[in-house]
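Me: I have a structure open and would like to learn how to read it. Can we go through it feature by feature?

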Amino acid sequence: DRDVTGVQTCALPISRDLLQLAQHLVDENVLRYQAGAWILPEAIEQIELPTSMADALRERVASLSTDARDLVAAVAFAPGERFSFEECLVLSGHDHRVRLARSIDDLVAREMFVDAGAAFRLGRAGSDGALREGVSEERARAIHQSLSRVFGQRRDGFRQARHLLLAAERAAGLDVFVAFCHESELKTNTSSDAFVKLIQSV
């Protein structure tokens, strides 16, 4: 297409994968912005591209600080959820607010986190699998324990019990789940609206 000035333009939307590829090239200093223009190397054949967007994501994760990598991996064990700064502090594995703020800023800048207004979530749908790769079984249990504390603070017994069970805390998980079922029954027996909200929440 050409606009009224005769300049050739592209009417096709740019896919997220293309944007991610462009970001990868910038991160690797292959694509550079200089004097108002983007510059590529003269020899395109010498550019090493990831074989897939999953590989590009793995490379970006590997370049993160340990704190940021641990945080984004923890959030990846509850994809689709949003977490406040205080909840991220629980998931971080440390108790240093400045370190956490630095990690969140880095993840938002790299579009691995989205600032959803007083809360944060994963920046790309479907990235949770790649982000969980390489997490040891012991670390995964610790993450699930942290997630159970977060959902316990939210009084979300269903998710609290789920993460306790995934953390191999079977007795505690079953106790929480039984209490959740009992409380849910009391609420829904007398209110159809409460029943609908319960089904939607789980």
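Me: Which kind of contact do the side chains of Glu137 and Arg141 make?
Reply: Keep in mind that this is a predicted model. To call a salt bridge, look for a side-chain nitrogen of Lys or Arg within 4 Å of a carboxyl oxygen of Asp or Glu. Glu137 and Arg141 meet in a salt bridge, at 3.2 Å from N to O.

Me: Why are Glu137 and Arg141 separated by about one helical turn?
Reply: Check the spacing within the element. The two residues are about one helical turn apart because they sit four residues apart in helix H7 (residues 137-153).

Me: Is Glu137 buried or exposed? And where does Arg141 fall?
Reply: Read the relative accessible area against the cut-offs. Exposed means over 50%, and buried means under 20%. Glu137 has 62%, so Glu137 is exposed. Arg141 has 32%, so Arg141 is partly exposed.

Me: How many salt bridges does the structure hold?
Reply: The structure holds 10 salt bridges. One of them pairs the side chains of Glu81 and Arg159, at 3.1 Å from N to O.

Me: Are Glu81 and Arg159 buried or exposed?
Reply: Both Glu81 and Arg159 are buried.

Me: Which residue forms a salt bridge with Asp106?
Reply: Arg110 does, and the closest N and O atoms are 2.8 Å apart. Asp106 has 23% relative accessibility, so Asp106 counts as partly exposed.

Me: Let's turn to the core. How many residues does the largest nonpolar core have?
Reply: Start with the general idea. In soluble globular proteins, nonpolar side chains tend to be buried together. Here, the largest nonpolar core has 27 residues. Those with the most contacts inside this core are Leu71, Phe83, Leu91, Leu107, Phe113 and Leu147.

Me: Which elements give two or more residues to this core?
Reply: H3, H4, helix H5 (97-109), strand E4 (120-122) and H7 do. The largest share, six residues, comes from H3.

Me: Now helix packing. At what angle do H8 and helix H9 pack?
Reply: Ask for angle, axis distance and handedness. H8 and H9 (residues 170-188) pack at about 165°, with their axes 8 Å apart. Angles over 145 degrees count as roughly antiparallel, and H8 and H9 are therefore roughly antiparallel to each other. H8 passes H9 in a left-handed crossing.

Me: Which residues meet between H8 and H9?
Reply: From H8 come Gly157, Phe158, Gln160, Ala161, Leu164 and Leu165. From H9 come Arg170, Ala172, Gly173, Leu174, Val176, Phe177 and Phe180.

Me: And backbone angles? Which phi does Ala168 have?
Reply: Ala168 has a positive phi of about 70° although it is not a glycine. Ala168 is in the loop between H8 and H9. At 38% relative accessibility, Ala168 is partly exposed. Glu111 also has a positive phi, about 60°, and is not a glycine. Glu111 lies in the loop between H5 and strand E3 (113-115). Glu111 has 44% relative accessibility and is partly exposed.

Me: Last, the whole chain. How many helices and strands are there?
Reply: The chain has 10 helices and four strands. Of its 202 residues, 32% are buried.

Technical notes:
Residues numbered from 1 in each chain as written. Predicted model: local features only at pLDDT ≥ 70, side-chain atom pairs only at ≥ 80, totals over all residues. Heavy atoms only, no water. Buried < 20%, exposed > 50% of the residue type's maximum accessible area, 1.4 Å probe, protein only. Core = buried A, V, L, I, M, F, W, Y, C linked by side-chain atoms within 4.5 Å. Axes fitted to C-alpha atoms, helices over the stretch in contact; angles between N-to-C directions. Parallel < 35°, antiparallel > 145°, perpendicular 65-115°, else oblique. Left-handed = near helix turned anticlockwise from the far one by under 90°. Contact = heavy atoms within 4.5 Å.
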